[in-house]
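Trainee: I'd like to learn how to read a structure like this. Could we go through it together?

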Amino acid sequence: METYSRRQFMKLSGIAIAASQINFLPDFNATVIENGYQGRALAALPVYAAPRSGAAILTTLWPDSVITISAVEDNWYQAAQGYVQRERVQPMTPYLPQTSVQIPESAFWAEVSGAIAPIRQSCAADAALVTRIGHGGVAQIVDYLPGEPNGWYGVGDEHSNLIGWSQAIYWRPTDHTIEETGDNHLEINLATQHLSARENGDIILQAPCSIGRSVNPGSYTVEDRKPGGKSAYVENIPDAIHGVPWNINFGDGHNLTGAYWHNRFGRWTTGPSIQVTPLLAHWLYGWLHSASRIVAI
């Protein structure tokens with residue numbers, strides 16, 4: 001299973017480590033993005049000739065198309081095809097199809113490494129679609145059947161109940177180790193919708209987040225957590241979203257999760273209480289431990 005040090009994590013995020021404070025912007029808000037970073041079109045994606053909505057539209061990409069991101073200009077990503085609005089694109093770490101698959105002797109957690117993982121009623125590419133889980137979504141793998149090119153995974157919910165079948169090539173096992181050491185606390189600024197990770201009192205990481213369900217100011221403890229598999233209901237999306245990744249429950253029924261269905265972090269939204277990118281949610285899942293506090297201010 002793949003794990004990242006903090007330095008590797010920041011490199012994957014396209015952000016340099018500077019002095020004692022790390023500014024982690026999970027929507028890749030940097031002047032230049034290192035080669036190889038990609039983005040998934042969250043819906044039909046117009047490509048503009050310049051970074052403004054009034055510019056000529058050069059082409060339109062299908063939903064779930066993958067582009068290579070080369071730079072950011074304000075609220076726009078630059079790609080080889082032209083410019084796209086940042087909020088319409090989910091940043092992705094580079095996708096490398098699995099050359100071998102883990103055959104489950106028992107259920108294990110896996111994340112979607114491709115742009116999207118279709119979940120079907122049976123092991124056939126033309127079988128009825130049950131749902132789709134986006135890049136960074138996490139679910140339990142509860143079964144396996146051989147087939148081309150790498151076989152099919154039986155995908156389960158948080159309780160290991162089978163919800164459907166997905167080609168194994170889209171998935172990779174994921175680590176869910178928790179570091180039970182350190183004076184680690186998370187601050188959520190409800191007004192600015194930014195979070196700060198504090199280690200021994202020092203801010204080591206900052207990022208925008210999105211507030212879904214209203215959270216009252218206060219200090220909360222981490223109650224429990226699940227790597228994924230949960231579902232959520234979000235405004236303007238008719239069906240439940242499955243494979244919500246890296247669920248950390250705190251306070252009176254609140255939760256912090258990754259969100260693969262939008263890239264509007266820093267703005268109010270619907271769904272889970274606190275939403276961040278799946279990559280950041282994964283890091284926080286291992287960094288926040290049972291003695292950590294989540295402080296909303």
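Trainee: Let's start with charged pairs. Which residue does arginine 267 meet in a salt bridge?

Mentor: For a salt bridge, look for a side-chain nitrogen of Lys or Arg within 4 Å of a carboxyl oxygen of Asp or Glu. Keep in mind that this is a predicted model. Here the side chain of arginine 267 meets that of glutamate 87, with 2.5 Å from N to O. Arginine 267 sits in the loop between β23 and β24, and glutamate 87 in the loop between β6 and β7, so the pair ties together parts that are 180 residues apart in sequence.

Trainee: How many salt bridges does the count come to?

Mentor: Five. One of them joins arginine 40 to aspartate 64, with the closest N and O atoms 2.9 Å apart. Arginine 40 belongs to strand β1 (residues 38-41) and aspartate 64 to the loop between β3 and β4, so this pair ties together parts 24 residues apart in sequence.

Trainee: And are arginine 40 and aspartate 64 buried or exposed?

Mentor: Arginine 40 is buried, at a relative accessible area of 4%. Aspartate 64 is buried too, at 15%.

Trainee: Which arginine meets aspartate 64 in a salt bridge at 2.3 Å?

Mentor: That's arginine 132. Aspartate 64 is in the loop between β3 and β4 while arginine 132 is in strand β10 (residues 129-134), so their bridge ties together parts 68 residues apart in sequence. Arginine 132 is partly exposed, with a relative accessible area of 39%.

Trainee: Now the fold. How many helices and strands does the protein have?

Mentor: Start with the inventory: two helices and 25 strands. Nine strands form an open sheet with mixed pairing, in the order β17-β16-β15-β25-β19-β22-β23-β24-β18. The edges are β17 and β18, each of which pairs on one side only.

Trainee: What should I look for where β16 and β17 pair?

Mentor: Check the direction, then the turn. β16 (residues 194-199) and β17 (residues 202-208) pair in the antiparallel sense over six bridges. They make a hairpin with two residues between them, and asparagine 200 in the turn has a positive phi of about 55 degrees. To find your place along the pair, note that arginine 198 stands opposite isoleucine 203 in β17.

Trainee: What about the helices? Is α2 largely enclosed or out in the open?

Mentor: To judge a helix, go through its residues and see how many are buried. In α2 (residues 278-287), nine of the 10 are buried, so the helix is largely enclosed by the rest of the structure. Among the buried ones are Trp283, Tyr285 and Trp287. Over the whole protein, 53% of the 297 residues count as buried.

Trainee: Last one: what is the mean pLDDT of the protein?

Mentor: It's 83, and 85% of the residues reach 70 or more.

How values were computed: Residues are numbered from 1 along each chain as its sequence is written. This is a predicted model: local features need pLDDT of at least 70, side-chain atom pairs count only at pLDDT 80 or more; totals for chains, interfaces and linings use all residues. Side-chain values use heavy atoms; hydrogens and water are left out. Buried means under 20% relative accessible area, exposed over 50%, partly exposed in between (1.4 Å probe, protein chains only). Helices (H or I, at least four residues) and strands (E, at least two) are DSSP runs, numbered from the N terminus. pLDDT is the predictor's confidence in each residue, from 0 to 100. Two strands pair if DSSP finds at least two bridges between them.
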